[in-house]
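Student: Could you walk me through one part of this structure up close? I would like to look at the place where the two chains meet.

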Protein chains: 2
Amino acid sequence: MVEEASNKQVILKDYVKDECNDAVLVKNLYLSCDPYMRGRMGKTEGSYIDSFTAPGSTITGYGVAKIVDSSNPDFKKGDLIWGLTGWEEYSLIRSTQGLFKIQNADLPLSYYTGILGMPGHTAYIGFYEICSPKKGEYVFVSAASGAVGQLVGQFVKLFGCYVVGSAGSKDKVDLLKNKFGFDDAFNYKEKPNLDAALKSYFPNGIDIYFENVGGKMLDAVLLNMRVNGRIAVCGMISQYNLENPDEGTRNLLCLVTKRIRMEGFLVFDYYNLYPKFLEMVVPLVKQGKITYVEDVAQGLENAPNAFVGLFSGRNVGKQVVVVASE
Amino acid sequence: MVEEASNKQVILKDYVKDECNDAVLVKNLYLSCDPYMRGRMGKTEGSYIDSFTAPGSTITGYGVAKIVDSSNPDFKKGDLIWGLTGWEEYSLIRSTQGLFKIQNADLPLSYYTGILGMPGHTAYIGFYEICSPKKGEYVFVSAASGAVGQLVGQFVKLFGCYVVGSAGSKDKVDLLKNKFGFDDAFNYKEKPNLDAALKSYFPNGIDIYFENVGGKMLDAVLLNMRVNGRIAVCGMISQYNLENPDEGTRNLLCLVTKRIRMEGFLVFDYYNLYPKFLEMVVPLVKQGKITYVEDVAQGLENAPNAFVGLFSGRNVGKQVVVVASE
């Protein structure tokens with residue numbers, strides 16, 4: 001399980017011995033709780049990312065941090081960055097390759113764990129690059145109030161499509177309809193028959209499904225897809241904590257009869273498009289044309305609990321942990 | 001169930017009344033037994049093709065036929081065609097729109113139910129248009145000795161990839177290795193652990209899976225796909241005769257971790273490419289660079305039994321029914 005632990009000394013010891021000329025020491029400010037991290041806490045055969053080296057090692061994840069010391073002249077003391085860091089007060093990052101310097105420090109820094117960071121970029125790539133949207137199409141987003149889903153819905157509206165979202169509480173459904181501008185939304189926990197629910201929200205069917213949950217929802221969506229539909233598979237959070245994946249997806253034959261393209265993607269493959277993404281999204285955030293809701297936990301000691309809450313849907317909006325103020 | 005019945009009179013009666021100027025009366029020569037037809041024998045909600053209007057009506061399917069009478073000057077008495085016709089001696093076809101005139105009558109006419117007809121075109125579209133192959137990639141084909149699979153394997157070899165096929169008997173595996181030129185092949189019925197079997201045939205993983213069967217095979221393949229793999233979903237014959245689809249596909253999360261594209265397709269959407277397909281395949285057949293194996297049933301009275309045999313894999317190669325000689 002996830003536990004809090006201090007390893008400040010370990011970091012400093014490593015740093016003294018390190019011969020590398022591309023390392024930085026950072027003070028962590030915000031940490032990001034992301035569902036993909038669950039995959040690193042078990043065996044990861046065939047996965048895209050290593051498991052944590054062993055129980056007892058520090059958890060790593062995306063965060064916002066400030067450079068304290070640096071052996072790379074491009075990263076100076078006091079610079080703000082986001083990227084993979086440790087769940088600890090200070091982290092030694094041995095390579096700056098995966099770090100991004102924060103240029104718009106006038107926006108909330110925590111946004112670089114979300115709307116301006118990996119989840120925002122994921123929403124952008126998933127919708128614009130994988131879904132191949134056309135104006136006027138019908139789009140469904142599951143886990144729609146989450147870090148990625150809330151942005152997908154707003155991108156869909158800006159693009160000119162109709163969008164319905166599902167989430168797991170009345171509060172979240174209210175957010176979707178009243179804050180994020182979804183055309184409609186429903187609480188999947190109140191819909192024992194998901195197929196019937198989708199038929200009522202999409203009487204003419206779904207052109208695009210932005211898949212965040214998997215399981216029974218995917219099966220119901222397959223029955224409601226339109227011919228030449230697209231399914232962008234971003235994640236399947238309903239499956240991550242199961243000993244064995246659930247009873248399985250039964251309606252895949254719909255892929256043939258409806259000529260559906262179903263495509264998984266990882267934002268890591270699209271870092272070259274990150275500047276283009278920022279160029280689009282930063283002005284939208286500054287002009288208030290896109291909004292973002294965070295669920296903020298205070299203090300590293302509350303990080304494990306905040307992370308675990310993702311899988312029961314306890315968070316409302318993007319789950320962030322504040323480690324330190326600047 | 002499928003039963004033999006004569007409806008010659010019905011056809012002639014209709015023909016007399018018909019005002020349409022695009023109808024032809026044909027004498028059926030060869031009928032094609034294709035797995036997709038199973039989908040027309042039950043409820044077809046959301047399917048791409050209507051169910052047979054009612055029990056008691058004549059089964060329709062692809063076939064090769066000779067024009068006996070015609071109200072369309074483009075189709076003359078004595079012309080040979082292939083397309084959708086009836087499982088009967090003579091058929092009235094009310095529109096010639098879906099009919100193709102046979103130009104290469106020096107090749108076996110039955111080939112227009114297979115290698116030169118819908119299944120051949122399906123193999124061509126599936127491999128060249130959906131799989132996005134690159135030379136040297138590793139390709140797996142299930143139901144590989146069937147009407148489509150045997151051609152896919154040969155296209156793969158001509159293209160310059162490595163191909164392994166699965167089938168359901170020793171005879172079929174021998175065909176794959178010795179007649180169709182697959183690099184390797186196995187009998188899935190002898191492999192209780194499909195995951196382990198695929199790992200032994202593809203120690204470095206699978207780039208392309210040409211999916212004909214669904215079910216447990218798909219689940220095992222997902223575990224063995226490589227990053228950026230593609231799955232062309234042509235059919236899922238293991239699922240067609242189940243009251244409820246089987247226990248379901250459990251490993252779809254692999255689509256994300258390995259960034260896999262899984263795409264269903266129907267050849268009906270690609271008829272514009274049929275001339276291009278023929279241009280490629282006819283010379284290959286004439287030069288003996290592609291071979292084709294048929295399982296021929298004699299007489300309309302044996303058609304129902306031949307069709308049912310598809311689902312237990314009794315046929316070896318493309319299942320054809322001879323209704324009449326020219």
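Tutor: Happy to! Let's begin with a term we will need: two strands are said to pair if DSSP finds at least two bridges between them. Keep in mind as well that this is a predicted model.

Now to the strands themselves. Strand 11 of chain A and strand 11 of chain B, residues 261–264, run antiparallel and are joined by three bridges.

Let's step back to the whole contact region. Here, 32 residues of chain A are in contact with 32 residues of chain B. The size of an interface is often given as the accessible area lost when the parts come together. Between chain A and chain B, about 2600 Å² is buried, and carbon and sulfur atoms give 63% of that. On the chain A side, Arg250(A), Val256(A) and Arg259(A) lose the most area to chain B, together 21% of what that side buries.

Two salt bridges are found across the interface of chain A and chain B. In a salt bridge, the side chain of Arg259(B) meets that of Asp269(A), with 2.7 Å from N to O.

Strand 11 of chain A gives the most, with four residues. The residues on this side of chain A divide into 15 nonpolar, seven polar and 10 charged.

How values were computed. Residues numbered from 1 in each chain as written. Chains lettered and ligands numbered in written order. Predicted model: local features only at pLDDT ≥ 70, side-chain atom pairs only at ≥ 80, totals over all residues. Heavy atoms only, no water. Contact = heavy atoms within 4.5 Å. Buried area = accessible area lost by both parts, 1.4 Å probe. Salt bridge = Lys/Arg side-chain N within 4 Å of Asp/Glu carboxyl O. Helix = DSSP H or I, 4+ residues; strand = E, 2+ residues; numbered from the N terminus. Nonpolar A, V, L, I, M, F, W, Y, C, P; charged D, E, K, R; others polar.
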